[in-house]
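Reader: I'm new to this one. Can you walk me through it?
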Amino acid sequence: MLDQNLRHISDEELLFAAAGELSKHRAAEVHKHLEACWTCRARRMELERAMTDFAQSYRMELDPHLPPIGGLRALVRSRLRELAREERTPRWKYICRLNSGVRHWAYLGAGLVVAAALGGLLFRNSRTTSTTAWFEAETRPDGSLTPGATRQVTISEVCANPREEVIGEVSVSLRQEVFEKYGIVNPRPEDYEIDYLIAPGLGGTDDVRNLWPEPYHARVWNARVKDALEERLHELVCSGQVELSTAQHDIATDWIAAYKKYFHTNKPVVGS
Amino acid sequence: MSPSSFEDASVAVPLTLGSSAKPSRIEAEVMESFEEFRDPLLRYSLSLGLTVHDAEEVIQEVFLALFRHLQLGRSRRNLRGWLFRVAHNLALKQRLANRTLSQRNVLDTRIAEEQIAATPSPEEEVSTAQRRHRLLAVVQALPDHDQSCLRLRAEGLRYREIATVLGISLGAVSISLTRSLARLTRADSR
């Protein structure tokens with residue numbers, strides 16, 4: 001039975017008990033007290049209600065601002081793989097452990113190998129002065145032939161379907177027209193993919209101005225990397241972080257620069 | 001958050017691998033944690049005043065840090081607390097860099113206004129929105145530390161986890177939560 005002179009339980013202890021943080025002995029005492037004391041029971045309910053209401057309000061305030069999970073998931077997964085790859089190739093660590101004399105020779109040797117490789121590459125492709133620029137130039141469309149073209153589309157239409165469900169097929173006649181524009185005679189199917197500059201999922205059209213022959217041999221900035229960019233842009237547009245017109249403009253102007261901008265990196269994190 | 005989850009916030013994290021696990025398995029482990037904790041961590045980072053873009057950057061770094069943490073074979077005890085602690089520190093660093101404190105207040109006000117403005121006409125819903133607005137206003141007037149304690153508790157963290165995240169004692173967490181909830185009940189009874 002409750003002793004009328006029994007002291008009520010403090011707010012702090014009621015909350016501690018509710019959180020299961022009390023010792024077994026003290027929790028039993030509090031439980032016994034609550035069975036008999038309506039004042040403390042009412043107070044406990046009041047405190048719990050305040051906490052519950054706050055938790056609910058907190059979520060209702062912020063949940064509408066959470067973007068779809070897909071974009072961030074793809075980005076984290078790509079960066080983890082990148083990290084894992086780096087971890088799997090720790091050969092440089094062996095060089096670091098060598099004494100300084102041997103290390104200098106090792107660096108010199110490695111430098112010569114790299115220089116020879118770059119020299120060969122530049123000799124074969126003398127139209128560019130930078131290897132990176134050459135890699136990138138190969139996989140960019142000619143802006144005068146493929147400036148990009150869009151259709152009238154609303155955000156809700158763009159976001160109604162996942163991006164991968166709205167990629168269209170390019171007709172044979174249109175493919176032929178693109179090859180002709182680029183002066184490619186008798187293309188072998190295994191050499192090129194006719195790709196959209198602005199993906200249909202971002203409002204791009206089946207227009208010859210929006211298509212270009214993307215070489216399959218591209219090892220760095222290839223179609224998979226561009227797909228990742230399209231997916232990222234779709235997420236950003238649909239979460240309201242980027243305007244659709246900005247996404248279309250950026251990908252049409254220079255899709256590699258757009259990739260670097262939206263993935264915050266200078267090299268592809270996927271597809272390489 | 002239901003009353004039952006308020007009573008018993010679980011600390012279990014679905015991690016099962018030992019420190020000798022291969023990177024690919026650690027990747028899977030990190031992605032599993034990502035699926036579970038992305039929303040709570042993102043919500044918490046937003047509540048600290050970051051923009052969505054900055055909050056996503058923070059979350060990305062948190063899971064990369066988790067990957068390195070596990071690869072080095074470090075402790076898997078209370079990883080939920082660890083994740084929130086890293087997110088808390090990175091978010092504060094980002095906030096300091098951006099000086100977005102004033103933007104946060106603007107955002108909070110805008111959100112609260114939107115909620116009231118978007119409320120349909122029935123009187124009950126208007127009063128619920130107003131009550132929510134009042135609660136949030138009370139919380140925003142609390143010291144930063146008290147707000148963090150309350151938000152972490154709303155995310156289901158236990159007292160000792162909150163203490164780990166904020167680097168304070170268990171007693172300090174208890175006092176902070178008691179003070180904040182007493183204030184909320186007073187505001188609610190007005």
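Author: Start with a term. Axes are lines fitted to C-alpha atoms, for helices over the stretch in contact, and angles run from 0 to 180 degrees between N-to-C directions. This is a predicted model.

Reader: OK. At what angle do the axes of α7(B) and α9(B) cross?
Author: They cross at roughly 90°, and the two axes come within 9 Å. Angles of 65 to 115 degrees count as roughly perpendicular. So α7(B) is roughly perpendicular to α9(B).

Reader: Which residues make that contact?
Author: From α7(B), they are His145(B), Asp146(B), Cys149(B), Leu150(B) and Arg153(B). On the α9(B) side, they are Val173(B), Ser176(B), Leu177(B), Arg179(B) and Ser180(B).

Reader: And by class?
Author: The contact of α7(B) with α9(B) has four nonpolar, three polar and three charged residues.

Reader: What about α8(B) and α9(B)? How do their axes cross?
Author: Helix α8 of chain B covers residues 159-166, and helix α9 of chain B covers residues 170-189. Their axes cross at roughly 105° and come within 8 Å. α8(B) and α9(B) are therefore roughly perpendicular to each other.

Reader: Which residues meet there?
Author: α8(B) brings Tyr159(B), Arg160(B), Ile162(B) and Ala163(B). They meet Leu170(B), Val173(B) and Ser174(B) of α9(B). By class, this contact of α8(B) with α9(B) has five nonpolar, one polar and one charged residues.

Reader: Switching topic. How many residues does each chain put into the contact between A and B?
Author: Chain B gives 45 residues and chain A gives 40 residues.

Reader: Which elements of chain B give two or more residues to that side?
Author: They are α1, α2 (23-47), α3 (52-71), α6 (123-140), α7 and α9 of chain B. The largest share, twelve residues, comes from α2(B).

Reader: How does the side of chain B that touches chain A divide by class?
Author: It divides into 25 nonpolar, eight polar and twelve charged residues.

Reader: Now confidence. What is the mean pLDDT of chain B?
Author: The mean is 79, and 73% of the residues of chain B reach 70 or more.

Reader: Which elements of chain B have the lowest and the highest mean pLDDT?
Author: Helix α1 (residues 3-7) of chain B has the lowest, 35. Helix α7 (residues 144-154) of chain B has the highest, 95.

Reader: Where does pLDDT stay under 50?
Author: One such stretch is residues 1-22 of chain B, with 35 contacts beyond four places in sequence in the model. Over residues 109-119 of chain B the pLDDT is also below 50, and that stretch has twelve contacts beyond near neighbours in sequence.

Reader: And what does the model score overall?
Author: The scores are ipTM 0.74 and pTM 0.54.

Technical notes:
Residues numbered from 1 in each chain as written. Chains lettered and ligands numbered in written order. Predicted model: local features only at pLDDT ≥ 70, side-chain atom pairs only at ≥ 80, totals over all residues. Helix = DSSP H or I, 4+ residues; strand = E, 2+ residues; numbered from the N terminus. Parallel < 35°, antiparallel > 145°, perpendicular 65-115°, else oblique. Contact = placed C-beta atoms within 7 Å. Nonpolar A, V, L, I, M, F, W, Y, C, P; charged D, E, K, R; others polar. pLDDT = per-residue confidence, 0-100.
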